[in-house]
Amino acid sequence: MGARAKTLMLVEERAREIFKRYSVNEIRIPLLERIELYARATGETSDVVEKQMYSFSDRDEAETTLALRPEGTPGVVRAYIEAGLDRSDPEQRFFYSGPMFRRERPQKGRYRQFYQFGVEVFGRADPASDVELMVMIDDLRRDLGLKLTTEINSLGCADCRPAFRAALLAYGRAHLAELCEDCHARLERNPLRLLDCKIDVRLAEAAPKSSDYLCEACRKHFEQVRRLLDSSNVPYAFNPRLVRGLDYYTRTAFEVVSTDVGAQGSVAAGGRYDALVETLGGAAVPGTGFAIGLDRITLAVEATREETPLAATAAVVPIGDTATERALWIARELRTGGLRTELLSAERKLKTNLQRADKIGARFAIIVGENELQRGVAQLRDLKKSEQREIPLDRLVTEVNGSGR
Ligand code: HAM
């Protein structure tokens, strides 16, 4: 397996482990859905639906048009409604992980098949539920040792969005001759996209901002989001031009950006979608969520790390047959304590085992010989610092955890 694929799997594993603490449950969603689902959810005027979906006609009688999923949110909402949860038990927290497909011109960090790890929370309208999502991503950021910035904005709701949309439309019409080809074509259908146009930057900067049009309830929600982000110590910046490329967002929208992955800096993105469940035929249940781009976060990890903080943390090295018995037990204790641990073979030489420990990127080797066992201790070798010290067996997990992963 290539080094990048391996890092991606390890990042996914860390996300799974960290996010499970937030009591989210895994959901498996299909790779294929009817194309209408994305047209209705992601939006007719989004780039994803207009240009990026891989779709084909099925050979069934109706020649149903199917699409390879370009994102996970619509599929999760469809499954949620189909299971009747919107009415029977609306408050749900899901995560999913897997490949998504978009017709793109491939470049670094932008692929036609890429991997997302997403979280969707239903039945919560409060600002704290938006903030918790950003806290989750921040937990992962800390775990991976990355420098990331969260950019946030509020896009308003069904009450205040029309006035903002009208103001943007008027602005766009007044500058029609100056608009780029894309903005020109979609101005009447989706004037919001003018704000994140990479070509009309100067025009976008001077355009009306959603934050100036928020109704009282949306203004309060956004204020609370910012206050809670401050008190949670999540570094963020207000970006009044952030609109997101998908159409379902209401109120909070955010993007987590890395400066380490080149032009495709958005490593995760999400926001609130209070009208989506109803739009897709369900009850009026609010929702909020995000998806991490696993490929991009992997690039960020590769660009920033000097060592292998994600690889196996510990290798347990028994010396002699009687040590194996105890080493099995120690390895199990370490795993129970949350550490990635590989038990090595007592039939190999110490030197070979240490080479293996190095190869799997272990930070520590725990060497257990008969002599040590009699004294109730093990040798803890820090492979990064090339230091070794004796540790009582009952303090191993705490010591290894405390010495940093
Ligand atoms: P999105 O912004 O389209 O949102 O994608 C989320 C993340 O997926 C991006 O920040 C990026 O890291 C990654 N990504 C997107 N396209 C590509 C690509 N072609 N190659 C590599 N990585 C890519 C969504 O998909 C929403 N469903 C997120 C969401 C969930 N909102 C609410 N809930």
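Is asparagine 353 buried or exposed? Asparagine 353 is buried, with a relative accessible area of 0%; here, buried means under 20% relative accessible area, exposed over 50% and partly exposed in between, using a 1.4 Å probe and protein chains only. The model you are looking at is predicted, so local features need pLDDT of at least 70 and side-chain atom pairs count only at pLDDT 80 or more, while totals for chains, interfaces and linings use all residues. Residues are numbered from 1 along each chain as its sequence is written, and side-chain values use heavy atoms, with hydrogens and water left out.

**Around asparagine 353**
- Asparagine 353 sits in helix H14 (residues 350–359); helices (H or I, at least four residues) and strands (E, at least two) are DSSP runs, numbered from the N terminus.
- Leaving aside neighbours within four places in sequence, asparagine 353 is in contact (heavy atoms within 4.5 Å) with Val317, Leu344, Ser345 and Arg348.

**The nonpolar cores**
- A nonpolar core is a set of buried Ala, Val, Leu, Ile, Met, Phe, Trp, Tyr and Cys residues joined through side-chain atoms within 4.5 Å.
- The largest one has 48 residues, and Val77, Tyr80 and Phe122 touch the most other members.
- Among the elements giving two or more residues to this core are helix H4 (73–82), strand S5 (92–101), strand S6 (113–122) and helix H7 (161–174).
- A second, separate core has 42 residues, including Met136, Leu140, Val234 and Ala300.

**Tyrosine 80 and aspartate 86**
- Not counting residues up to four places away in sequence, tyrosine 80 touches Leu85, Asp86, Pro90, Gln92, Phe94, Phe122, Val277 and Val285.
- Aspartate 86 lies in helix H5 (residues 85–88) and counts as buried because its relative accessibility is 5%.
- With the residues up to four places away in sequence left out, the contacts of aspartate 86 are Tyr80, Ile81, Val277, Gly282, Ala283 and Val285.
- A polar atom of the aspartate 86 side chain lies 2.8 Å from the backbone nitrogen of alanine 283.

**The sheet and its helices**
- Eight strands form an open sheet in the order S1-S5-S6-S11-S10-S9-S7-S8, with mixed pairing; two strands pair if DSSP finds at least two bridges between them.
- Strand S1 (25–26) and strand S8 (236–238) are the edge strands, each pairing on one side only.
- S1 and S5 are parallel, joined over two bridges, and asparagine 25 stands opposite phenylalanine 94 in S5.
- Helix H12 (residues 294–304) lies across S5, S6, S10 and S11, running at about 50 degrees to S11; axes are lines fitted to C-alpha atoms, for helices over the stretch in contact, and angles run from 0 to 180 degrees between N-to-C directions.

**Other paired strands**
- Strand S2 (residues 32–34) and strand S4 (residues 65–68) run antiparallel, joined by three bridges, and the partner of arginine 34 in S4 is leucine 66.
- Strand S3 (residues 55–57) also pairs with S4 in the antiparallel sense over three bridges, with serine 55 opposite alanine 67.

**The ligand**
- Of the 26 residues around the ligand, Glu71, Thr73, Glu120, Tyr249 and Ser266 come nearest; a residue is near a molecule or strand if one of its heavy atoms lies within 4 Å of it.
- Arginine 102 has a polar side-chain atom 2.9 Å from an oxygen atom of the ligand.
- Arginine 244 places a polar side-chain atom 2.9 Å from an oxygen atom of the ligand.
- For tyrosine 249, a polar side-chain atom lies 2.6 Å from a nitrogen atom of the ligand.

Methods. A polar contact is a pair of N or O atoms within 3.5 Å; within protein, one must be able to donate a hydrogen and the other to accept it, and residues adjacent in sequence count only if both atoms are side-chain atoms.
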